[in-house]
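Please read each point with the coordinates open.

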Amino acid sequence: MSSTVIKNGTVVTADLTYMADVLIEDGIITAIGPNLSGDKKLDATGCYIMPGGIDPHTHLEMPFMGTYSADDFESGTRAALAGGTTMVIDFALPAPGQSLLEALTMWDNKSTRANCDYSFHMAITWWGEQVFNEMETIVRDKGITTFKHFMAYKGALMVDDDEMYASFSRVGELGAIAMVHAENGDVVAQLQQKLMAEGNTGPEAHAYSRPAEVEGEATNRAIMIADMAGAPLYVVHTSCEQSHEAIRRARQKGMRVWGEPLIQHLTLDESEYFNPDWDHAARRVMSPPFRNKLHQDSLWAGLSAGSLQVVATDHCAFTTEQKRFGVGDFTRIPNGTGGLEDRMPMLWTHGVTTGRLTMNEFVAVTSTNIAKILNTYPKKGAVLVGSDADLVVWDPELSKTISAKSQQSAIDYNVFEGKTVRGLPRYTLTRGHVAVEEGTMKTREGHGQFVARKPVTPINKALSTWKNITAPRKVERSGIPATGV
Ligand code: DUC
Ligand code: ZN
Ligand code: ZN
Ligand code: ZN
């Protein structure tokens, strides 16, 4: 058994900062303390030893809008490791009418190439007895406890309220977690038609077709439906104050609701869509779209206040050639941007070095909080004896200018092109394997393992009093009252 020791660094977790060496044997942390030794030594002088990042929102090699997202499990997880992320959670996406288990087999097959550990969420894109039954197998036998619902993409992935209520109720029974892409798909479809009819065919019309109100309405509706169904709710890509406000209010009432801003929404704004270069704007088309500074401030405030818990990417990368499917019709531009490699350096640069987040909050929102929400803590998201050695040795003085020329992602551009980041991995370790070593990639295709998860029953429920208020009570009546004159 060969061992690795990380020497002379400062351990930074979601709640502690202290000097210690970290010993790793067989991919597991086996000791934390002074003066440790091992076969291989990694020097962490001047660095922070943190739990590797967890990105709970990726779409790798996903069939979408007539094409496939360009990063697969190999290039996607390589990009992740380059940026200090050691686990991704991808969405298995059944086509409407398709068996959930069949979709899962497809995702199992794609993920054999992963360079780091991964897990899945299951999307619910249609409803029926088969889905109801398969959901139990997915939770009990397949280790997947999160079910994503698209409230947008009408005519494709969208589910409507009756389907959502039925599915959320099932989620509640199974002790699982409901997730939503919260945008009102009916309103979006009408706005798209109107904009196209008026000759607004460019990428900026994408933003006009998906205003913050569309997201705020859907977030409020999903929260209410989750509450009635008794399911905890995770709102993916929370991009605006309206959505954040709904989450804040629900949490304050004791409902179990979480919100997930993306690094793109935190650091890029809507002005990107008004760039005269069509390619520049189209490359940034994603849903929800980038917002203005007021929304960005709301998201940053939510992260430090704790009303938003997780920073993700929604990594769904398309090449320029793929984006050009939408020339002359913005509704055909494949929705999605990359971010896996840049999430941690961008958040450190714009969050920690500016004082918006402490180092410990950085660890919480990039790793520990989602590990806890998804019930994979302390295997993941922790620097503890017995935890997986998914670690990043973070050098706060290392800097670079982001460029597509030097990225791991398979696409030909980067939405953060030209931005300078300070704070990068010196080493990234995935279950003890050093996958990034002082700027050199040493990833191993197929090293990644699936991480099964269990429900957090019985306490992981929506917690409002709605059920008590409306508990059925039969009223005995003696007769039919007389009607008025
Ligand atoms: N939004 C995107 O931009 N891409 C993938 C799916 C989504 O909801
Ligand atoms: Zn319906
Ligand atoms: Zn989405
Ligand atoms: Zn997504």
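1. I begin with a pair of strands: strand 14 (residues 177–181) is joined to strand 15 (residues 233–235) by 3 bridges, and the two strands run parallel. Within this pairing, M179 has Y234 of strand 15 as its bridge partner.

2. Helix 7 (residues 212–229) packs on the sheet, where it touches strand 14, strand 15 and strand 16. The direction of helix 7 makes about 170 degrees with that of strand 15.

3. As for the sheet as a whole, 7 strands form an open arrangement with parallel pairing, and their order is 8-11-12-13-14-15-16. Its edges are strand 8 (53–58) and strand 16 (257–259), each of which pairs on one side only. On average, neighbouring strands of this sheet are turned by 25 degrees against each other, with direction ignored.

4. Which residues are around ligand 1? They are H59, H181, M286, S287, D314, C316, N335 and G336. Sorted by class, this shell around ligand 1 holds 5 polar residues, 2 nonpolar residues and 1 charged residue.

5. On confidence, it should be kept in mind that this is a predicted model. The protein has a mean pLDDT of 96, with 96% of its residues reaching 70 or more. Confidence is lowest in helix 15 (residues 466–469), where the mean is 58, and highest in strand 7 (residues 48–51), where it is 99. For the complex, the predictor gives an ipTM of 0.92 and a pTM of 0.96.

Terms used: Residues are numbered from 1 along each chain as its sequence is written. Chains are lettered from A and ligands numbered from 1 in the order in which they are written. This is a predicted model: local features need pLDDT of at least 70, side-chain atom pairs count only at pLDDT 80 or more; totals for chains, interfaces and linings use all residues. A residue is near a molecule or strand if its C-beta atom, placed from the backbone, lies within 6 Å of it. Ala, Val, Leu, Ile, Met, Phe, Trp, Tyr, Cys and Pro count as nonpolar, Asp, Glu, Lys and Arg as charged, and the others, Gly among them, as polar. pLDDT is the predictor's confidence in each residue, from 0 to 100. Helices (H or I, at least four residues) and strands (E, at least two) are DSSP runs, numbered from the N terminus. Two strands pair if DSSP finds at least two bridges between them. Axes are lines fitted to C-alpha atoms, for helices over the stretch in contact, and angles run from 0 to 180 degrees between N-to-C directions. Two residues are in contact if their C-beta atoms, placed from the backbone, lie within 7 Å.
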